[in-house]
Amino acid sequence: MRYLAAGVLFCVILLVIARSLKLRSIGIHAVQIGKYDKKDFLILPFVLLYLYVVLASLFGWFVPGSEVLSSPALAITGGILCVLGLALFVAALIALGRNFRVGLDETHPGELVTRGVFAVTRNPIYLSFILILTGVFLAIPNWILLLLLFGGIMLFHRQMEIEEKSLLAVYGAEYAEYCKKVGRYF
């Protein structure tokens with residue numbers, strides 16, 4: 001399960017890169033990190049540390065901290081959460097189509113997407129990340145990954161709040177109505 005969890009994590013990264021490059025090839029600049037909020041650049045060190053800890057745990061490199069809550073049942077649960085998170089992420093990419101962005105894009109936002117998984121949750125991508133990070137922790141139960149899981153959840157929640165303010169500014173009443181119908185998480 002450890003390799004499955006890590007594989008899902010890297011698959012998500014490759015999907016983001018591939019979608020961003022595809023959109024760029026048709027003139028859409030999907031990567032907007034740091035354009036509106038300079039604190040977005042904290043995301044990169046977080047991701048790099050997270051990836052290092054995952055790889056270090058898999059290949060026996062130096063990882064401070066020890067395993068916690070290690071059990072085959074939790075590892076299987078972690079693998080299932082990773083796969084569910086990946087499926088949710090792919091469903092969100094499909095629903096977004098050309099409207100996919102990494103970061104805020106108030107100048108070229110595209111249409112407000114409320115179909116597909118966005119009819120169930122306003123933030124399927126962040127929810128998928130939470131599922132995947134939880135799954136990775138259960139499959140590779142390291143204290144540092146547990147701390148990074150909590151840090152990631154706080155980071156995702158903060159980003160959701162920032163994006164919701166931006167979406168309200170861009171889409172106004174249409175977004176406000178959508179928020180009344182669909183919850184932030186569910």
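Biologist: How does H3 pass H4, in a left-handed or a right-handed crossing?

Modeller: In this predicted model, H3 passes H4 in a left-handed crossing. Two packed helices are described by the angle between their axes and by the distance between those axes. For H3 and H4 the packing angle is about 160°, and the axes lie 7 Å apart. Because angles over 145 degrees count as roughly antiparallel, H3 is roughly antiparallel to H4.

Biologist: Which classes of residue make up the contact of H3 with H4?

Modeller: Sorted by class, the contact of H3 with H4 has 19 nonpolar and 6 polar residues, with no charged residues.

Biologist: At what angle do H1 and H2 pack, and how far apart are their axes?

Modeller: H1 and H2 pack at an angle of about 150°, with 11 Å between their axes, and that angle makes H1 roughly antiparallel to H2. The crossing in which H1 passes H2 is left-handed. On the side of H1, the residues that meet H2 are Arg 2, Tyr 3, Ala 6, Leu 9, Phe 10 and Ile 13, while H2 brings Tyr 50, Leu 51, Val 54, Leu 55, Ser 57, Leu 58 and Phe 59 to the contact. By class, the contact of H1 with H2 divides into 11 nonpolar, 1 polar and 1 charged residues.

Biologist: Is H5 oblique or roughly antiparallel to H6?

Modeller: The angle at which H5 and H6 pack is about 130°, and their axes are 6 Å apart; at that angle H5 is oblique to H6. H5 contributes Glu 164, Leu 167, Leu 168 and Tyr 171 to the contact, and H6 contributes Ala 173, Glu 174, Tyr 175 and Ala 176. Of the residues in the contact of H5 with H6, 6 are nonpolar and 2 are charged, and no polar residues take part.

Biologist: Where does Asn 123 lie, and is Asn 123 buried or exposed?

Modeller: Asn 123 lies in the loop between H3 and H4, and Asn 123 counts as buried because its relative accessibility is 8%, where buried means under 20%. Not counting residues up to four places away in sequence, Asn 123 touches Met 160, Glu 164 and Arg 184. In sequence, Asn 123 and Met 160 are 37 residues apart, whereas in space their separation is 7.3 Å from C-alpha to C-alpha.

Biologist: And what phi does Leu 69 have?

Modeller: Leu 69 has a positive phi of about 60°, although Leu 69 is not a glycine. The place of Leu 69 is in the loop between H2 and H3. With a relative accessible area of 53%, Leu 69 is exposed, since exposed means over 50%.

Note on methods: Residues are numbered from 1 along each chain as its sequence is written. This is a predicted model: local features need pLDDT of at least 70, side-chain atom pairs count only at pLDDT 80 or more; totals for chains, interfaces and linings use all residues. Side-chain values use heavy atoms; hydrogens and water are left out. Axes are lines fitted to C-alpha atoms, for helices over the stretch in contact, and angles run from 0 to 180 degrees between N-to-C directions. Helices (H or I, at least four residues) and strands (E, at least two) are DSSP runs, numbered from the N terminus. Angles under 35 degrees count as roughly parallel, over 145 as roughly antiparallel, 65 to 115 as roughly perpendicular and the rest as oblique. A crossing is left-handed if the near helix is turned anticlockwise from the far one by less than a right angle, and right-handed if clockwise. Ala, Val, Leu, Ile, Met, Phe, Trp, Tyr, Cys and Pro count as nonpolar, Asp, Glu, Lys and Arg as charged, and the others, Gly among them, as polar. Contact means heavy atoms within 4.5 Å. Buried means under 20% relative accessible area, exposed over 50%, partly exposed in between (1.4 Å probe, protein chains only).
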